[in-house]
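Take a look at the model below. The report that follows covers its strands and its charged pairs.

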Amino acid sequence: MLDLEAFLVGSWSLRRAILSTEYERLGEFTGTAWFTPSGGVLTYQEQGTLRFGGYQGTAFRRLRYHVTAPGRAEVYFDYGDFFHDLDLREGRCETNHPCRDDLYRGEFDVLDVDTWWQCWRVSGPTKNHLLRTEFRRGGRGERGT
């Protein structure tokens, strides 16, 4: 995949499963994500409903994808700190993000022009879980994974 912007720009429904390391369902997030381009940067935003333990409510997130080369980007948190590298030239990427004493190990896979997923395996002294998200072009975030 060479044109990261052409692939990502637009609206995506998403469904995120929050799982224990033994794959027990702990929660979920369903909603919509969208990528908006501006000067070599793709702003990623997601908004939806988070169900986790006894909590159910609205949640949102924003990231900035700085396109660095065909199929590649550096991803930053909205507040400016670096999050991770992304290289989807082959349609698949593995990356890491250290978060204090915890480690986020990410996998990204493009399944087809309208579907991709990411999985973050989080391990460390304060967090141990998996975040598996499926993205489908368009829609309202109600499809299953």
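Over residues 8-137 the chain is 77% strand and 1% helix. Helices (H or I, at least four residues) and strands (E, at least two) are DSSP runs, numbered from the N terminus. UniProt lists residues 8-137 as "domain: DUF6314", in an unreviewed entry; such annotations may be inferred rather than shown by experiment.

This is a predicted model: local features need pLDDT of at least 70, side-chain atom pairs count only at pLDDT 80 or more, and totals for chains, interfaces and linings use all residues. Residues are numbered from 1 along each chain, and side-chain values use heavy atoms, without hydrogens and water.

The structure holds 14 salt bridges. Each is a side-chain nitrogen of Lys or Arg within 4 Å of a carboxyl oxygen of Asp or Glu.

| Pair | N to O distance |
|---|---|
| Glu-46 and Arg-16 | 2.9 Å |
| Arg-62 and Asp-78 | 3.3 Å |
| Arg-137 and Asp-114 | 3.0 Å |

Both Glu-46 and Arg-16 are buried. Buried means under 20% relative accessible area, exposed over 50%, and partly exposed in between (1.4 Å probe, protein chains only). Arg-62 is partly exposed at 36%. Asp-78 is partly exposed, also with 36%. Arg-137 is partly exposed at 27%, and Asp-114 is partly exposed at 36%.

Salt bridges also form a network that links Arg-92, Glu-94, Glu-107, Asp-109 and Arg-121. Arg-92 and Glu-94 sit on the uncovered face of strand E7.
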